[in-house]
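Subject: Structure for your files

Hi,

Here is the structure, followed by notes on what was found in it. Please read the notes with the model open.

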Amino acid sequence: MITKMNKVTAALCGLVLSASAMAVDISGAGATFPYPVYAKWAEAYKAKTNVGMNYQSIGSGGGIKQIKAATVTFGASDKPLEPAELKEAGLVQFPMIIGGVVLVVNITGIKPGDLVLDGPTLASIYMGEISKWNDPRIKSLNPKLALPDLAIAPTYRSDGSGTNFLFTYYLSDVSPTFKSKIGANASVEWPVGIGAKGNEGVASMTTQTGGAIGYVEYAYAKQNKMAYVQMKNKDGKVVAPEAGAFQAAAANADWAKADGYYLILTNQAGAKSWPITGASFILMYKEAKKADEAQEALKFFSWAYSSGGALAESLDYVPIPASVVKLVEKTWAASITAAGKPLWPAK
C-alpha cells in the first residue's frame, strides 16, 4: 500500500513538474523570414532544457500587433520599429539574426543562378513596365541565356510583412519611379501580379505558376531547390545569395550608433554584398507582463546567440556578431524589468 501510495505521489509530482515546465513555455509571433531558424532553435532548445518555444509564423505586421496586444511573450519583425514608436508602445527591440531576401523564378530551362537581374530592372518588373521574359532590358543582362517569349507573373506578399518592407525599401532606393509610385512599407499597393501569404505562400505560388518571379528568404529557396536569381549589387558586381554575401552586406553595420537598433541593411556597398540583406528583430515589453515567461525568453535568446550559430549557418543565415550580442545583453540588463527589478542577467 505504501509502495502504491509512493508511486501515486511520484506520479502526481511528475504531473506538477510537467505543468510547471509547461507554464514557462515561451510564445512568439511574427516574421516568416526567420521562421526556419527559429524552428530549428526551438527544437534544439526543447531537447536541452525541456522549455518549449511556440512561434507563429504570421508575418511581421501580425507579430507587431500581437506584442502590442500582449498576447505573446515576444513579437518578431523584419521591419524595425522606429525609436519613437518603440517608446510609445513601451517596447525594447534588438536584432536576432541576419539573412537575405532572394528572387526566385519559374521559367522552363532556367536553373538556380542562371538568371541575372539588377535593381532598376527588377523595379520595372514589379511596376508592370517589363512584362515578358525576353524583354531587351533583361536580355542585355543575360546575353548568353535563351529567354522565352513568356509573360512574367510577379508574385508578392499579400500580408503586411518585413520581407515586403526590405524588398520595397531596396526597390525604392534603386528606382526613383518605384519610390514615388509605390514606396517602401510592410504593405503596399502592387500594380500587377499575384499575392500570396508568407514566405511559404510566395515560394509555393512561384513554384506553381509558369513565368513567375517571387521574393523569399533564402532558406525557403534553398530548401525547395528553387531557381534563385543572381543580382548586380551597388558596386556593379554580380553576386549569388549565400551567407558570405549577407555577411559582407552586414559587415559595416554600426549597431552601437543605431538608436533602438533601427538599422536597414539593403543596398550596402561592397563587391561581395548581397543587395537585399536584412536583420530580423525581436520586440519585448520593457516592463514584462509575465516575468517568468519574459525571463525564459531572454534565456532562450541568449542560448541562440551563444550556441545557435551553427544551426543558423546551416540554413544560410548570418549570426549576430559577438560584439553586438554584448550590446544587446547590456540593453536587456538596463531596460527589461518586472516590478521594477531587472530580468537580466537571469539567475
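**Helix α12 and its neighbours**

Helix α12 covers residues 291–307, 17 residues in total. From first C-alpha to last, α12 reaches 24 Å, close to the 24 Å expected at 1.5 Å a residue. (Expected span is 1.5 Å times one less than the number of residues. Helices, H or I of at least four residues, and strands, E of at least two, are DSSP runs numbered from the N terminus.)

Some ground rules. This is a predicted model, where local features need pLDDT of at least 70 and side-chain atom pairs count only at pLDDT 80 or more, while totals for chains, interfaces and linings use all residues. Residues are numbered from 1 along each chain as its sequence is written, and side-chain values use heavy atoms, with hydrogens and water left out.

(Buried means under 20% relative accessible area, exposed over 50%, partly exposed in between, with a 1.4 Å probe and protein chains only.)

How do α12 and α14 (residues 322–335) cross? Their axes come within 11 Å and cross at roughly 170°. (Axes are lines fitted to C-alpha atoms, for helices over the stretch in contact; angles run from 0 to 180 degrees between N-to-C directions.) The two helices are therefore roughly antiparallel. (The cut-offs: under 35 degrees is roughly parallel, over 145 roughly antiparallel, 65 to 115 roughly perpendicular, the rest oblique.)

On the α12 side, the contact uses Leu298, Phe301, Ser302 and Tyr305. On the α14 side, it uses Val325, Val328, Glu329 and Trp332. (Contact means heavy atoms within 4.5 Å.) These residues split into six nonpolar, one polar and one charged. (Ala, Val, Leu, Ile, Met, Phe, Trp, Tyr, Cys and Pro count as nonpolar; Asp, Glu, Lys and Arg as charged; the others, Gly among them, as polar.)

Helix α2 also meets α12. Here the axes come within 11 Å and cross at roughly 110°. That makes α2 roughly perpendicular to α12. Trp41, Ala42, Ala44, Tyr45 and Lys48 of α2 meet Glu296, Lys299, Phe300, Trp303 and Ala304 of α12. The tally is seven nonpolar, no polar and three charged.

**Aromatic pairs**

How many aromatic pairs does the structure hold? There are 26. (Rings of Phe, Tyr and Trp, the last by its six-membered ring, pair if their centres lie within 6.5 Å; planes under 30 degrees apart are stacked, over 60 edge-to-face, the rest tilted.)

Take Tyr35 and Tyr55. Their ring centres are 6.3 Å apart and their planes sit at 20°, so the pair is stacked. Tyr35 is in α2 (residues 35–49) and Tyr55 in strand β2 (residues 53–57), 20 residues apart. Tyr35 is partly exposed at 31% relative accessibility. Tyr55 is buried at 10%.

Tyr45 and Trp303 form a tilted pair, 5.4 Å centre to centre with 55° between the planes. This pair joins α2 to α12 across 258 residues.

**Two single residues**

Lys40 is in α2. It is partly exposed, at 38% relative accessibility. Leaving aside neighbours within four places in sequence, Lys40 contacts Leu311 and Leu315. Lys40 and Leu311 are 271 residues apart in sequence, yet 7.0 Å apart C-alpha to C-alpha.

Thr206 lies in α9 (residues 198–208). Thr206 is buried, with a relative accessible area of 0%. Not counting residues up to four places away, its contacts include Val104, Asn106, Thr155, Ile213 and Met226.

Best wishes
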